[in-house]
Amino acid sequence: MQLGSLPGILILIGCGIAGGFLGWQLRRWFSARRLNSAEKLAESIIKNARLEAKSLQREAKLEAKDEALRIKQEAERQAQQHRNELQRIEKWLGSKEATLDKRSDELDERHEELKNRSKKIEDRENTLVQQEKQAAQLIEEQTKTLETLSGMSAVEAKRLLFDNLRAEVEHESSRIIKEMRDEAVARAEDEARKIITNAVQRLAADQVSEVTVSVVQLPSDEMKGRIIGREGRNIRAFEMATGVDVVVDDTPEAVILSAFDPIKREVARQTMEKLVLDGRIHPGRIEDVVTKTQAKMKTTLREAGEQAALDTGIQGLHPEVVNLLGRLRYRTSFGQNVLQHSKEVSYLAGMIATDLGLDERLARRAGLLHALGKAVDHEVEGTHAQIGADLARRYGEKPLVVNAIECHHGKVEPATPEAVLVMAADALSAARPGARRETLDLYIKRLTKLEEIANSFSGVDRSFAIQAGREIRIIVDPGELADTEADEMSLAVARRIEKEMEYPGKIRVTVIREHRATSYAS
């Protein structure tokens with residue numbers, strides 16, 4: 001079995017060796033073929049690279065030639081520009097040189113002319129010196145002659161001449177000053193009248209004079225007993241809750257509410273009307289209605305302040321300032337509603353500022369806030385102008401607005417023209433016919449004060465306050481005062497009135513000097 005299989009094994013081994021040799025030959029052949037192919041590819045790549053390198057070399061040479069040509073052309077262009085610029089400068093220098101030569105010739109001519117003029121002036125000065133000496137001798141001779149003829153020395157004559165000239169100059173200067181002042185006043189009044197008339201016409205506001213009457217109408221006199229209550233408990237509870245005095249008198253179907261604080265009086269009035277309408281009047285109900293009315297009043301005050309700011313176009317007001325403006329709705333001054341007055345001042349100041357080219361927003365804002373202090377002047381010490389300025393300063397208003405509030409009654413100097421406009425608008429709003437009511441006592445005091453100021457001046461014979469205190473006429477003694485002194489007196493009286501009195505509008509001061517010569521023939 002082993003001997004029989006040996007040839008087969010040998011055959012297999014021979015086949016394996018033949019197959020291995022054949023595989024080795026095939027691999028060698030394939031390797032040689034791949035090597036030839038790689039060599040050919042490498043040769044092809046090298047050939048292409050050489051061709052591409054030659055192409056790039058040619059392109060580089062061409063680009064270098066182009067760049068050199070471009071640089072050469074640019075250099076030639078710049079050189080040409082420099083040559084042109086040099087030629088232009090050369091021409092300019094040539095023209096300047098010609099101009100300088102010409103001016104040099106002119107200066108030489110002028111120098112020569114000045115020499116001639118200087119010589120002529122020197123000759124004239126010498127001549128004038130001689131003439132002055134001659135004139136001095138003539139004046140001395142004439143002075144001696146005049147002294148001999150007049151019997152006075154030169155010093156006495158000069159003093160007499162100066163006295164006469166001084167009197168004439170004083171009289172003439174007073175006349176000229178009066179004419180200039182009258183002309184300036186006339187022009188200023190005409191221009192101011194146009195501006196103010198235009199502003200008032202554009203405003204076209206109703207008269208704001210009003211009477212604050214806290215009277216509550218009742219459906220019947222029987223309601224008075226219910227208001228008083230058993231043993232007066234209802235009326236006592238009402239007065240304690242509202243801080244207002246209730247006057248129940250013989251007035252038919254009405255009760256009167258009396259209080260210094262207008263807001264408390266308004267709360268009491270609304271509370272009383274609600275109680276009368278509801279019919280249930282007892283201490284518990286009174287306190288409940290008063291509380292609700294007070295809460296509603298706060299909303300009403302805020303809304304009134306917001307509406308005033310909206311009507312005048314003012315923005316950025318502090319909430320407390322808005323509430324204070326609302327309180328002015330229930331404040332009056334000589335019967336004039338203060339909130340309506342403040343709005344009117346804001347309108348007038350803004351319109352006048354626009355006509356004069358000033359800051360309209362500043363004028364409007366200061367005009368609306370100028371009476372802010374009247375909201376609390378019954379609670380705080382000081383004038384309402386100072387109180388309002390302090391409040392405005394506390395709540396962040398600008399210094400210019402604070403100054404306009406503080407100076408609107410003339411106690412502080414205004415810092416801006418807009419502050420002056422607020423003063424004028426305030427006086428204009430207060431002085432309109434029907435704007436304010438004035439008591440008889442104040443009216444008489446103003447007339448008396450005007451006459452006292454006029455009579456305090458020396459040379460006054462009589463004085464009369466006329467036209468409801470809008471004019472004071474002063475009759476002076478013609479023997480004590482001259483015409484020029486009468487003019488000075490009218491100005492002095494006006495300044496004294498401005499300093500010592502407070503009044504709306506303007507007061508005219510007229511000084512009358514009349515000289516009568518009377519003779520009798522017998």
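Guide: Helix 9 supplies five residues to the lining of the second largest pocket, the largest share. The model is predicted, so that local features need pLDDT of at least 70 and side-chain atom pairs count only at pLDDT 80 or more, while totals for chains, interfaces and linings use all residues. Residues are numbered from 1 along each chain as its sequence is written, and side-chain values use heavy atoms, with hydrogens and water left out.

The volume of this second largest pocket is about 340 Å³. Of its 16 lining residues, Gln315, Arg361, Leu362, Arg365 and Lys398 are the closest to the centre. Two or more residues come from each of helix 9 (360-369) and helix 11 (399-406). By class, the lining holds four nonpolar, five polar and seven charged residues.

The terms are as follows. A pocket is found on a 1 Å grid over the protein atoms alone, as an open set of points where a 1.4 Å probe fits, with protein on both sides within 12 Å along at least five of seven lines; a lining residue has an atom within 4 Å of a point. Grid points are joined across faces, edges and corners, and the volume is the space filled by probe spheres set on them. Asp, Glu, Lys and Arg count as charged; Ala, Val, Leu, Ile, Met, Phe, Trp, Tyr, Cys and Pro as nonpolar; the others, Gly among them, as polar. Helices (H or I, at least four residues) and strands (E, at least two) are DSSP runs numbered from the N terminus.

Of its 522 residues, 29% count as buried, that is, under 20% relative accessible area with a 1.4 Å probe and protein chains only, where exposed means over 50% and partly exposed lies in between.

Elsewhere in the chain, strand 3 (residues 254-258) pairs in the antiparallel sense with strand 1 (residues 215-217) over three bridges. Strand 2 (residues 245-247) also pairs with strand 3 in the antiparallel sense, over three bridges; pairing requires at least two bridges found by DSSP. Isoleucine 256 of strand 3 stands opposite valine 215, and leucine 257 is the bridge partner of valine 246. The hairpin of strand 2 and strand 3 has six residues between the strands, and there glutamate 253 takes a positive phi near 55 degrees.
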